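Please read the points alongside the coordinates.

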Amino acid sequence: MADPRESGVVVLDAKGLRALAHPVRVQLVELLRKHGPSTATRLAERLGVNSGTASYHLRKLGAAGFVEEDAERGNARERWWRSVHRVTRLTDEGLTDAEPEAVHAYMRSIAALYNLRTQQALNELQTMPHGWRRVLDLSSFALRLTEEEGWRLREELGEVIARYRRDGEEAPPGARRVVLITEILPELDEGTDDGTDDGPEEG
């Protein structure tokens with residue numbers, strides 16, 4: 001696992017993947033990255049688990065290098081934790097073969113987290129300012145692509161997203177945190193392959 005302090009990005013290796021392949025740990029890292037340093041008790045309240053469970057998983061994440069104690073905030077009675085990195089990436093295709101169960105558990109945890117984010121946004125829809133309601137979007141597009149086209153699409157989407165990132169830059173007035181979730185889901189159980197699009201397209 002690369003040193004996340006250098007770039008803010010951690011690339012998972014087998015050890016890191018096994019440490020993070022748990023839904024509670026994925027959510028703990030997400031909360032620390034989104035809201036900043038916190039205690040096991042406060043994180044447990046957000047997740048609906050007991051503080052002992054949160055403490056256990058925070059220690060496991062700490063041993064694996066994903067979080068660390070925030071010495072500036074902690075004291076003898078209360079330990080504060082902070083995320084070490086901003087971004088987690090799973091890029092080694094060989095891990096799928098070497099650690100299939102861990103990869104599957106990790107990906108399912110990520111999918112559950114994305115679903116939770118969507119539900120939270122929908123729950124806030126009625127109180128969301130009208131202008132931001134126009135920004136919220138749930139779309140599905142059915143495409144027929146070759147493997148090469150699929151990979152190129154993924155890269156091009158990444159390039160578009162990169163143009164809107166403000167790493168270290170001050171956001172303009174009126175800017176809000178926006179979570180953009182992309183999913184490219186190959187459907188390999190199709191009965192036909194006649195070159196035509198199938199399925200809904202919603203925008």
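1. Glycine 36, which directly follows helix 3, adopts a positive phi of about 90°. The model under review is a predicted one.

2. Helix 3 covers residues 23–35, and its 13 residues should span 18 Å at 1.5 Å a residue; the end C-alpha atoms are 18 Å apart, so expectation and model agree.

3. Which residues of helix 3 are buried? They are Val24, Arg25, Val26, Leu28, Val29, Glu30, Leu31 and Leu32. The list includes the charged residues Arg25 and Glu30.

4. Helix 3 packs with helix 4 (residues 40–47) at an angle of about 110°, and the two axes are 11 Å apart. Because angles of 65 to 115 degrees count as roughly perpendicular, helix 3 and helix 4 are described in that way. Their crossing is right-handed. Helix 3 contributes Val24, Gln27, Leu28, Leu31, Leu32 and His35 to the contact, while helix 4 contributes Leu43, Arg46 and Leu47.

5. Leucine 20 belongs to helix 2 (residues 14–20). Is this residue buried or exposed? Its relative accessible area is 3%, and since buried means under 20%, leucine 20 is classed as buried.

6. The surroundings of leucine 20 also deserve a remark. Leaving aside residues up to four places away in sequence, leucine 20 touches Leu12, Arg25, Val26, Val29, Leu61, Phe66, Thr88 and Tyr106. Leucine 61 lies 41 residues from leucine 20 along the chain, yet their C-alpha atoms are separated by 7.2 Å.

Conventions: Residues numbered from 1 in each chain as written. Predicted model: local features only at pLDDT ≥ 70, side-chain atom pairs only at ≥ 80, totals over all residues. Heavy atoms only, no water. Helix = DSSP H or I, 4+ residues; strand = E, 2+ residues; numbered from the N terminus. Expected span 1.5 Å × (residues − 1). Buried < 20%, exposed > 50% of the residue type's maximum accessible area, 1.4 Å probe, protein only. Axes fitted to C-alpha atoms, helices over the stretch in contact; angles between N-to-C directions. Parallel < 35°, antiparallel > 145°, perpendicular 65-115°, else oblique. Left-handed = near helix turned anticlockwise from the far one by under 90°. Contact = heavy atoms within 4.5 Å.
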